[in-house]
Amino acid sequence: MSAGKKTGNILVWIILLLLIVGLGGVGVSNFGGSVQSIGKVGDTPIPIDDYARELQRELRTAETQTGAPVSVAQAEAFGLVARARGRAVTSATLDNEVSRLGLSVGDAQVRDQVLGYAAFQGLDGTFDREAYRFTLQQNGLTEAAFEEQIRRETARSLLQAAVLGGNTLPETYGKVLLDFIGARRSYTMIELTPQDLEAPVGTPDEAALQTYYDANAEAFTAPETKALTYAWLTPDMLIDSIAPDEDALRALYQTRIDEFMQPERRLVERLIYPTEEEAQAAKARLDSGEVDFETLVAERGLELSDIDLGDVTRAALGPAGDAVFALEAPGVVGPVDTDLGPALIRMNAIIAAQETPFEDARDDLESELALDRARRIISDSITDIDDRLAAGATLEELADETEMTLGRIDYAGGQDDEAIAGYDAFRAAADAVQSGDFPEVIQLEDGGIFALRLDEITPARLRPLDEVRAAAIEGWQQDETRRLLVEKAEGLKTLLDAGDAPESFGLTVETAEAVTRGGVTPQDLSETVFALEKGQSQVVESAGGVYLLRLDDILPPAEDDATDRLLLSALETQAAQGIGEDMFIYFSQSLLDAAGLTLDQAAINAVHAQFP
């Protein structure tokens, strides 16, 4: 099979998957009426439902990543709306070109793709028309509309495959890569440490210390700080004053009874068979030792993950529950009747029942209810506090007249070493506040609130030497130690270049034989090692210390090294894909420029209005 054909097949299956996954929910079937598109590419409309699906996909992805709902306005700010619209426009651009070229696929190919898709197959692996009809009906599509989508997407994939699948890299590309990746070096290395000096550096005199201080003024400069006064209130400040009602505690316990009263469960896997006879035959082979359970699963064309039910209760297993729960140790039972047909069920572990009486759960329930109540109290107080601030109340007055607590902090940008500075919302407000700003209520991440006032800004200042003397002495000692180590290493380099053996220096000597760039240790010496000529030496200062290096040999890549070949293959594939993607972007843009684009903002707004 050619690379282009493989690419086309892969694209077709990806398209089918996206069609099925993207069908449900808002934006698929709610756009009736006369407006059916958000614009045109040439003479080809951009279907309004296509744009809605693309936008929905972006919103779902963003919600999965953030763990919170994402509005259309937020999505627009993040660039997600533009990305969704861009994909819809690109699809219409390709459709327009497909139409211009007269490219299409026949009914037989559409039929084969529908029949071969797993989502429309029954338990026996054959096409289930009822499942097909029901799935489409649930998502507001007719069979004709869905099959037309497949036809369009398949024709489009042929055009995409022609661009993406025809890229080959020149032979010299792989050779250059392999020469770089597989190149090897042998070298000798001596690491010099403070212990290799004849004596410690000691303490600098006043003149040397002053010189170091002047040269490193930035290190001794205190950042700009803001003197802030704030009033704040958090749920934790109120929790001790809240006594949850007994009835409320018991009601909460009952609503979460499934958490506190968990019945015995079993970890099980269920292997369904089409008939009782086939299930019995499989069990007989299993009992005789002819096969194991994994083999039976593989014979059905399945993976263990496909049949894993996780931990289930007796009731969840239905008619099979009694047989499975009768097992006192892991094993296989069956055939047993299930809602999906006769099955063999393997039980892998017993999870004992867990019961947490109300009294044992009381402390946690009290904390939960108290925190919830505290958050509601704080939320309800925001309007009153806002009104007080608007009427001219100071933060000090808020602390006297409400539950809020007064505090002060000398804040430097990014500081998070004090309680309130640990909140993102406070740091953002503290960074932004300017002289003359009026305090306002701002909410914290845990349901608390605060308001702050800028009292004074202290500009960045160079701290006096006496104030930072200890740090300056330590810094000078580190610099002086490194200078002396480099000086000693340069002296050893002179001896090494004159022919002295490195072992004669009385220091630890390390050798490395035929290592690639990734094998150099420490890694930050790699660039230097591979830049040296054979026999050349160099003193290197790195983050790890001071080193004397000598390059002993330059070697080509190892012949038929599996690791190098694997890495080369991955890099070549990545490069080919990148070239193909770039070509496809330029190709699509050229088609769009030639055909022309018009957008209907009212239709786009109608799509956006369907999302929360």
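Colleague: Where does P522 lie?

Modeller: P522 is in the loop between β16 (509-515) and α21 (526-531). Helices (H or I, at least four residues) and strands (E, at least two) are DSSP runs, numbered from the N terminus.

Colleague: Before we go on, what am I looking at?

Modeller: A predicted model, where local features need pLDDT of at least 70 and side-chain atom pairs count only at pLDDT 80 or more, while totals for chains, interfaces and linings use all residues. Residues are numbered from 1 along each chain as its sequence is written, and side-chain values use heavy atoms, with hydrogens and water left out.

Colleague: Back to P522, then. Is the peptide bond from T521 to P522 cis or trans?

Modeller: The T521 to P522 bond is cis, with omega near -5°. The bond from G334 to P335 is cis too, with omega near 0°. P335 lies in a strand, β9 (residues 331-336).

Colleague: What about the phi of A514?

Modeller: Positive, about 50°, and A514 is not a glycine. Most residues other than glycine have a negative phi, and most peptide bonds are trans. A514 belongs to strand β16.

Colleague: Why does A514 count as partly exposed?

Modeller: Because its relative accessibility is 30%. Buried means under 20% relative accessible area, exposed over 50%, and partly exposed in between (1.4 Å probe, protein chains only).

Colleague: Which strand does β16 pair with over 5 bridges?

Modeller: β3, in the antiparallel sense. Two strands pair if DSSP finds at least two bridges between them. Y187 stands opposite A512 of β16. β3 (residues 184-192) also pairs with β18 (residues 545-555), again antiparallel, over 9 bridges. There R184 has L555 as its bridge partner.

Colleague: How many of the 9 residues of β3 are buried?

Modeller: 7, so the strand is mostly covered.

Colleague: New topic. What order do the strands take in the sheet with β5?

Modeller: β12-β5-β14-β13, an open antiparallel sheet of 4 strands. β12 (405-412) and β13 (442-443) are the edge strands, each pairing on one side only. β13 and β14 (residues 449-458) share 2 bridges. One pairs Q443 with I449.

Colleague: Which helix packs on that sheet?

Modeller: α17 (residues 358-390), touching β5, β13 and β14. Contact means heavy atoms within 4.5 Å. The direction of α17 makes about 45° with that of β14. Axes are lines fitted to C-alpha atoms, for helices over the stretch in contact, and angles run from 0 to 180 degrees between N-to-C directions.

Colleague: And T234, buried or exposed?

Modeller: T234 is buried, at 5% relative accessibility. T234 lies in the loop between β5 (225-233) and α10 (235-238). Beyond its neighbours within four places in sequence, T234 contacts I378, Y423, L444, D446 and G448.

Colleague: Now the sheet with β1. Which are its edge strands?

Modeller: That open sheet has 3 strands in the order β2-β1-β19, with antiparallel pairing. Its edge strands are β2 (44-47) and β19 (597-599). The twist averages 25° from one strand to the next. Helix α23 (residues 601-609) packs on the sheet, touching β1 and β19, at about 140° to the direction of β1.

Colleague: Which residues touch the most other members of the largest nonpolar core?

Modeller: I38, I46, Y51, L55 and V607, out of 23 residues. A nonpolar core is a set of buried Ala, Val, Leu, Ile, Met, Phe, Trp, Tyr and Cys residues joined through side-chain atoms within 4.5 Å. Elements that each supply at least two core residues include β1, α2 (48-66) and α23. Leaving out residues up to four places away in sequence, the contacts of I38 include I46, Y51, L599 and V607.

Colleague: Last one, α9. Which residues are buried there?

Modeller: L209, Y212 and Y213, in a helix spanning residues 206-215. They cover an arc of only 100° around the axis, which puts them on the same side of α9. That arc is taken from the directions from the helix axis to the C-beta atoms. The face turned away carries exposed A207, T211 and A215. β15 (461-462) and α20 (469-497) are among what covers the buried residues.
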